[in-house]
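Keep the viewer open as you read.

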Amino acid sequence: MASSSSRLLTAAILLSVLAAASASAGSYCVPGWAIPHNPLPSCRWYVTSRTCGIGPRLPLPELRRRCCRELADIVTYCRCAALSILMDGAIPLGPDAQLEGRLEDLPGCPREVQRRFAATLITEAECNLSTISGVAECPWILGGEQTVPSK
Ligand SMILES: *[C@@H]1O[C@H](CO)[C@@H](O)[C@H](O)[C@H]1NC(C)=O
């Protein structure tokens with residue numbers, strides 16, 4: 001008797017957790033859940049190197065290789081979200097959560113240029129990775145820009 005009611009309780013809790021997790025796709029692709037905190041450190045360097053020549057003294061193909069490995073490690077469903085976090089940060093789940101992960105401002109390196117390049121990281125020419133929606137680029141990381149990606 002006791003064990004079956006506790007099983008029921010467990011099932012009810014599990015269901016509510018699942019419901020909460022699926023309530024919004026955005027609440028799953030967050031730092032600390034499907035995406036690491038401060039995700040894609042090598043992609044940050046790759047983006048700033050490619051767009052502004054700011055980065056470690058490593059050949060670009062090597063930087064790209066490291067970036068692509070990090071991006072490939074992120075679950076397909078959340079890759080574009082991870083790139084969006086790289087550009088704009090995100091607020092993780094939790095009681096005292098604060099915006100984190102935003103690519104820092106670099107003087108003389110326009111964010112919109114970085115953003116446009118970051119949106120192409122999943123493409124065949126860069127990391128050649130699939131996303132869940134099959135888009136060619138990650139359009140929604142373009143933020144306020146009205147640019148519609150070609151292709
Ligand atoms: C991209 O990935 C696809 C599927 O894995 C593969 O067939 C294709 O050859 C790859 N393209 C490049 C440029 O590596």
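A residue is called buried here if 20 or more other C-beta atoms lie within 10 Å of its own, exposed if 12 or fewer do, and partly exposed in between, with C-beta atoms placed from the backbone. Keep in mind that you're looking at a predicted model, where local features need pLDDT of at least 70, side-chain atom pairs count only at pLDDT 80 or more, and totals for chains, interfaces and linings use all residues. Residues are numbered from 1 along each chain as its sequence is written.

Now for the overall layout. The chain has five helices and zero strands, and its pattern along the sequence reads α-α-α-α-α. Helices (H or I, at least four residues) and strands (E, at least two) are DSSP runs, numbered from the N terminus. Of the chain's 151 residues, 27% count as buried. Two residues are in contact if their C-beta atoms, placed from the backbone, lie within 7 Å. Among the chain's contacts between residues at least 6 apart in sequence, 63% join residues at least 24 apart.

Which of its residues are buried? They are R79, C80, A81, A82, L83, S84, I85, L86 and M87. That's nine of the 10 residues of helix 4, so this helix is largely enclosed by the rest of the structure. Its buried residues pack against helix 2, helix 3 and helix 5 (111-118). Take A82 as an example: apart from neighbours within four places in sequence, A82 is in contact with I35, P39, L40 and I74.

Next, the nonpolar core, meaning a set of buried Ala, Val, Leu, Ile, Met, Phe, Trp, Tyr and Cys residues joined through C-beta atoms within 7 Å. The largest one has 27 residues, and I35, C43, A82, L83, L86 and L121 touch the most other members. Helix 2 (41-52), helix 3 (60-73) and helix 4 (79-88) are the elements that give two or more residues to this core. Helix 4 gives the most, with seven residues.

How do helix 2 and helix 3 sit against each other? Their axes come within 8 Å and cross at roughly 140°. Axes here are lines fitted to C-alpha atoms, for helices over the stretch in contact, and angles run from 0 to 180 degrees between N-to-C directions. On the helix 2 side you'll find S42, C43, W45, Y46, S49 and R50, which meet L60, L63, R64, R66, C67, E70 and L71 in helix 3.

R64 is partly exposed, with 19 other C-beta atoms within 10 Å. Not counting residues up to four places away in sequence, R64 touches Y46 and E126. R64 and E126 are 62 residues apart along the chain, yet their C-alpha atoms are separated by 7.5 Å.

Finally, look at S130, in the segment after helix 5. Is S130 buried or exposed? It counts as exposed, because it has 12 C-beta neighbours inside 10 Å. Its C-alpha atom and that of T76, 54 residues apart along the chain, are separated by 6.7 Å.
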